[in-house]
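Here is a short briefing for a reader new to this structure. Keep the model open while reading the points below.

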Amino acid sequence: MAKAGRKGCSCPGFLRKNWLLLSTAAAVVMGIGIGMLVREYGKLSNLDKFYFSFPGELLMRMLKLIILPLIISSMITGVAALDSSVSGKIGLRAVVYYFCTTVIAVILGIVLVVTIKPGVTQKANEIDRVGNTPEVSTVDAMLDLIRNMFPENLVQACFQQYKTKREKVEATTGLDKNSSTFTQEPVTAATTAEASENKTQEYKIVGMYSNGINVLGLIVFCLVFGIVIGKMGEKGQVLVDFFNALNEATMRIVQIIMWYMPVGIVFLVAGKIVEVEDWEIFRKLGLYMATVLSGLAIHSTVILPLIYLIIVRKNPFRFAMGMAQALLTALMISSSSATLPVTFRCAEEKNSIDKRITRFVLPVGATINMDGTALYEAVAAVFIAQLNDLELDIGQIVTISVTATAASIGAAGVPQAGLVTMVIVLSAVGLPAEDVTLIIAVDWLLDRFRTMVNVLGDAFGTGIVEKLSKKELEQMDVTSEVSIVNPFALETRILDNDETETKKSYVNGGFAVDKSDTISFTQTSQF
């Protein structure tokens, strides 16, 4: 009877705990339904479509608004709470995990696309091209990535990224001289050599700023800043307290945004369905999409859970269910950075991951861990080669693997950044960069699924890094208890034995305070 009673009570409790997840799932279904109805019977103009998706745009703006304070506060407090040696170990473990899963994703993608051969049955001229090819140089893109790690203006890094572009240098003097020689003098070997020399195109690099948060630069700064104020001990405590309070306030704002999320998602989904004009392209690229989606499915339901199970020895699917709200959000808004507030909430509240781990690992993961993107780029590159009847040798496949891994790390956590990095991968193996326009039409849909896989990879990373760092975290907890908990009890006990000696040690701050811990005490007692 008691068991039956408990089971009866569990339903309202379940609804109360998971109301947000259930309402978001319902919003997705409702959005698809409304989108199909409006598309069929609404006959909206372009302006009407823009107004129709306005509530969804509001949700995106709210989530992007909170990214900056969340990354800054979580990174600084997370790093400051750890000893520098511990943060180094945790960072190394996280980066090794990210790198390994990305390499596995790339290999999986290449194996699938070589086996399924989605591009062999089609020709490039059978598929309609959409959009423009981004102009990207591989070397310049990699150098820009390093430049953005060290922004010259921290305030500007909050809303702009640095970017370089190649511009042709017009050699006007050489051309004038060449043309006059050509008309007035007979052509000799010397003039031919001079003409061919003048034909060599010179370029200059022009720097500019584009809109978007320079997440990588902010993370590098916050990492260094957190380590420094963590080492400052008592002097840096004011700053640690400030950023802790900022982090707490930010998470409370996130909870407020969560109430609006189901409404925003209804219109995000419906607006996108209404906006898509050519559904025929999905039939033409069906096999390519199936290859990408099957790769993402295998990676997220087999490989990542298996790694988690081997290392953590817990049920990976229960962990993934705890992240369901973040995964659904990632699927709808297609940005791992904008999903970060929800990812934090799920990891800390649903899966009880240590905050010292989530605050440090998740912002880095949202920036550099792009398993889904790497898999997608590898599949897309081989697919475009198959469309052009090009046989790729082992060397070129290895090049695609390495470039896709590196380019995915450089892809910012913003929607459709994969297209820019896609051009880098194509250029690396000599494939036509303009063929990226063949797959742009379906990129918006695949982008959502690969973002979901990216977020899931970040989440599993927190669980794995927490398990591997358990010893260091427990050691820090023990040190904190010895040195921090009830220091006045320590003072009273010693006062009974030798009042003078204790007073002296208390004035001089003689408690064995572990400077690596975030909690410390001001020496007001000396007054």
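**Aromatic pairs and a helix crossing**

Phe-225 is partly exposed, at 24% relative accessible area. This is a predicted model.

**Aromatic pairs**

- How many aromatic pairs does a search of the whole structure find? The search finds twelve.
- One of them joins Phe-225 and Phe-243. Their ring centres are 6.0 Å apart. The planes make an angle of 80 degrees, and the pair is edge-to-face.
- This pair links distant parts of the chain, 18 residues apart. Phe-225 belongs to helix 10 (residues 215–231). Phe-243 belongs to helix 11 (residues 237–275).
- Phe-243 counts as buried because its relative accessibility is 10%, under the 20% cut-off. Phe-225, at 24%, is partly exposed.
- Another pair is formed by Tyr-308 and Phe-319. This pair is tilted, with 4.9 Å from centre to centre and 40 degrees between the planes.
- Tyr-308 lies in helix 13 (residues 286–312) and Phe-319 in helix 14 (residues 316–322). The two are eleven residues apart, and the pair links distant parts of the chain.

**An aromatic cluster and a charge over a ring**

- Phe-225 and Phe-243 also belong to one aromatic cluster, together with Phe-221 and Phe-242.
- Arg-450 lies over the face of Tyr-376. The distance to the ring centre is 3.9 Å.

**Helix 11 against helix 16**

- The axes of helix 11 and helix 16 (residues 336–350) come within 10 Å. They cross at roughly 105 degrees.
- Helix 11 is therefore roughly perpendicular to helix 16, a term that covers 65 to 115 degrees.
- Which residues make the contact? Helix 11 supplies Met-251, Val-254, Gln-255, Met-258 and Met-261. Helix 16 supplies Pro-341, Val-342, Phe-344, Arg-345 and Glu-349.
- By class, this contact has seven nonpolar, one polar and two charged residues.

**A buried glutamate**

- Glu-472 sits in helix 22 (residues 470–483).
- Glu-472 counts as buried because its relative accessibility is 13%, under the 20% cut-off.
- Which residues does Glu-472 contact, leaving aside its neighbours within four places in sequence? Glu-472 is in contact with Val-86, Lys-89 and Arg-93.

How values were computed. Residues are numbered from 1 along each chain as its sequence is written. This is a predicted model: local features need pLDDT of at least 70, side-chain atom pairs count only at pLDDT 80 or more; totals for chains, interfaces and linings use all residues. Side-chain values use heavy atoms; hydrogens and water are left out. Rings of Phe, Tyr and Trp (its six-membered ring) pair if their centres lie within 6.5 Å; planes under 30 degrees apart count as stacked, over 60 as edge-to-face and the rest as tilted. Helices (H or I, at least four residues) and strands (E, at least two) are DSSP runs, numbered from the N terminus. Buried means under 20% relative accessible area, exposed over 50%, partly exposed in between (1.4 Å probe, protein chains only). A charge sits over a ring if NZ of Lys or CZ of Arg is within 6 Å of the ring centre and within 35 degrees of the ring normal. Axes are lines fitted to C-alpha atoms, for helices over the stretch in contact, and angles run from 0 to 180 degrees between N-to-C directions. Angles under 35 degrees count as roughly parallel, over 145 as roughly antiparallel, 65 to 115 as roughly perpendicular and the rest as oblique. Contact means heavy atoms within 4.5 Å. Ala, Val, Leu, Ile, Met, Phe, Trp, Tyr, Cys and Pro count as nonpolar, Asp, Glu, Lys and Arg as charged, and the others, Gly among them, as polar.
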